[in-house]
Amino acid sequence: MTITDTSTKPSVPPRTSVLQLASRYGTAVALLLLIVVNIAITPNFLSWQTLNVNLTQVATIVIVATGMTLVIATGGIDLSVGSLMAIAGAIAPMIFLGTIIPIDNTALAVGLAFLIPVIVAMLFGWFNGILVTRFAIQPIVATLVLFIAGRGIAQVMTNGNLQVFKNPAFQFIAMGHIAGIPAQVVLMIAITILAYCLIRFTTIGRQIIAVGGNEKAARLTGIPVRRIKTLVYVISGALSGIPGLVVVARNSASDANLVGMGMELDAIAAVAVGGSLLTGGRANIFGTLLGAFVIQLVRYTLLANGVPDAAALVVKAGLIIVAVFIQQRADRS
């Protein structure tokens with residue numbers, strides 16, 4: 001009579017690789033390290049003025065990067081965000097300064113200056129979406145059209161001239177405070193929370209992730225793929241137009257040559273560093289928020305310690321490479 005050992009060995013859960021931990025928590029760790037380094041080497045880093053500067057500078061990056069996160073979650077990309085900022089920033093002063101149509105009612109003029117530029121930016125986002133969905137053009141090529149032409153449109157509208165203005169009602173979006181917090185920071189927080197709720201709790205959010213994860217499977221399950229992809233470009237357009245208003249309001253001037261310049265890199269870097277897959281299928285909104293803070297603190301650290309701004313471009317490019325490398329290796333492990 002043979003006795004069979006029926007005892008089973010306890011299953012050992014697979015170890016989480018270092019790369020997986022880096023993919024999950026690397027952004028938060030990098031942000032903490034940047035804060036510690038700045039406390040050690042940057043004069044007056046813990047002052048309210050420094051905090052205010054960084055918060056107001058990062059707000060526009062976060063807002064644009066939030067829209068970029070939704071686009072990238074569907075497997076796309078939007079290179080036109082900086083140009084749409086320039087267009088929105090060019091239109092707004094033209095409205096309340098009466099360049100287009102004289103408007104005697106100041107409140108109406110300011111209200112339209114907030115509304116119309118964002119609507120125009122949304123229409124350009126819709127144009128991007130149509131190129132991607134109806135004409136099956138690769139997103140990087142489709143949005144390259146407005147990346148090139150959009151800034152030219154803004155320059156034509158303003159004849160290449162700098163629009164200088166002083167309008168406290170309009171400039172509240174950048175210079176005002178709500179409960180002691182800068183208005184643009186409140187706007188950033190509200191948009192981030194809304195985007196998180198969209199992805200986390202709504203059917204549209206789940207459809208965005210499904211389209212990016214497997215577009216063919218999403219189509220077979222009845223998800224309106226074209227509509228979803230067009231929608232994210234429209235949202236990205238709106239979230240490019242709003243920061244365009246913030247920038248010109250903060251500068252008290254609109255310069256179509258400079259507004260939004262390089263924002264494409266900042267937004268993509270924030271999304272990549274924040275943990276969202278650049279191939280689609282994942283949207284980490286709060287990761288994007290942390291990624292934007294990392295990008296801003298890198299820039300601030302370099303400038304505050306006498307390093308030229310051009311060096312920040314190299315560092316940001318390096319951050320994108322490292323983030324993408326970690327994501328790819330973590331997914332394979």
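This is a predicted model: local features need pLDDT of at least 70, side-chain atom pairs count only at pLDDT 80 or more; totals for chains, interfaces and linings use all residues.
A residue is termed buried here when its relative accessible area is under 20%, exposed when that value is over 50%, and partly exposed in between.

A search of the whole structure finds three salt bridges. Two of them involve Glu215. In one, Glu215 is paired with Arg219, and the closest N and O atoms are 3.1 Å apart. These two residues both belong to helix α9, which covers residues 215-220, and they are four residues apart, about one turn of the helix. Arg219 has a relative accessible area of 46% and is therefore partly exposed. Glu215 is likewise classed as partly exposed, because its relative accessible area is 28%.

In the other salt bridge of Glu215, the partner is Lys229, with 3.2 Å between the closest N and O atoms. This pair links distant parts of the chain, since Lys229 is in helix α10 and Glu215 is in helix α9, 14 residues apart. The relative accessibility of Lys229 is 12%, so this residue counts as buried. Taken together, Glu215, Arg219 and Lys229 are linked in a network of salt bridges.

A further salt bridge is formed by the side chains of Asp266 and Arg299, with an N to O distance of 2.7 Å. Asp266 lies in helix α11 (residues 263-273) and Arg299 in helix α12, so this pair ties together parts of the chain that are 33 residues apart in sequence. Both Asp266 and Arg299 are buried.

Helix α12, which contributes Arg299 to this pair, was examined along its length. The helix has 20 residues, and the distance from its first C-alpha to its last is 28 Å, close to the 28 Å expected at 1.5 Å a residue. The helix is mostly covered, as 15 of its 20 residues are buried. At its start, a side-chain oxygen of Asn284 comes to within 2.7 Å of the backbone nitrogen of Gly287. Beyond the other end, α12 is followed by Gly306, which has a positive phi near 80 degrees.

Within α12, which spans residues 285-304, Thr288 was considered in detail. The relative accessible area of Thr288 is 1%, and the residue is therefore buried. Its side chain is joined to that of Thr69 by a polar contact of 2.8 Å. When residues up to four places away in sequence are not counted, Thr288 touches Ala65, Thr66, Thr69, Ala270, Val271, Gly274 and Ser276.

One of these neighbours, Ala65, is located in helix α2, which covers residues 48-73. With a relative accessibility of 0%, Ala65 counts as buried. Under the same exclusion of residues up to four places away in sequence, Ala65 touches Ala267, Ala270, Val271 and Thr288. The C-alpha atoms of Ala65 and Ala88, residues that are 23 apart along the chain, are separated by 17 Å.

On the surface, Leu115, Ile116, Ile119 and Leu123 form a nonpolar patch, and together these residues have about 340 Å² of accessible area. Ile119, a member of this patch, lies in helix α4 (residues 106-133). The relative accessible area of Ile119 is 39%, so the residue is partly exposed.

Positive phi values were also found in residues other than glycine. Asn159 has a phi near 55 degrees and is placed in the loop between α5 (139-157) and β1 (163-164). With a relative accessible area of 65%, Asn159 is exposed. Phi of Ser252 is also positive, near 55 degrees. This residue lies in the loop between α10 (225-251) and β4 (253-254). Ser252 has a relative accessible area of 27% and is therefore partly exposed.

Note on methods: Residues are numbered from 1 along each chain as its sequence is written. Side-chain values use heavy atoms; hydrogens and water are left out. Buried means under 20% relative accessible area, exposed over 50%, partly exposed in between (1.4 Å probe, protein chains only). A polar contact is a pair of N or O atoms within 3.5 Å; within protein, one must be able to donate a hydrogen and the other to accept it, and residues adjacent in sequence count only if both atoms are side-chain atoms. Contact means heavy atoms within 4.5 Å. Patches are made of residues with over 30% relative accessible area and no salt bridge: like charges are joined within 9 Å, nonpolar side chains (Val, Leu, Ile, Met, Phe, Trp, Tyr) within 5 Å. Accessible areas come from the Shrake-Rupley method with a 1.4 Å probe; for residues, only the protein chains shown count as cover. A salt bridge is a side-chain nitrogen of Lys or Arg within 4 Å of a carboxyl oxygen of Asp or Glu. The expected span of a helix is 1.5 Å times one less than its number of residues.
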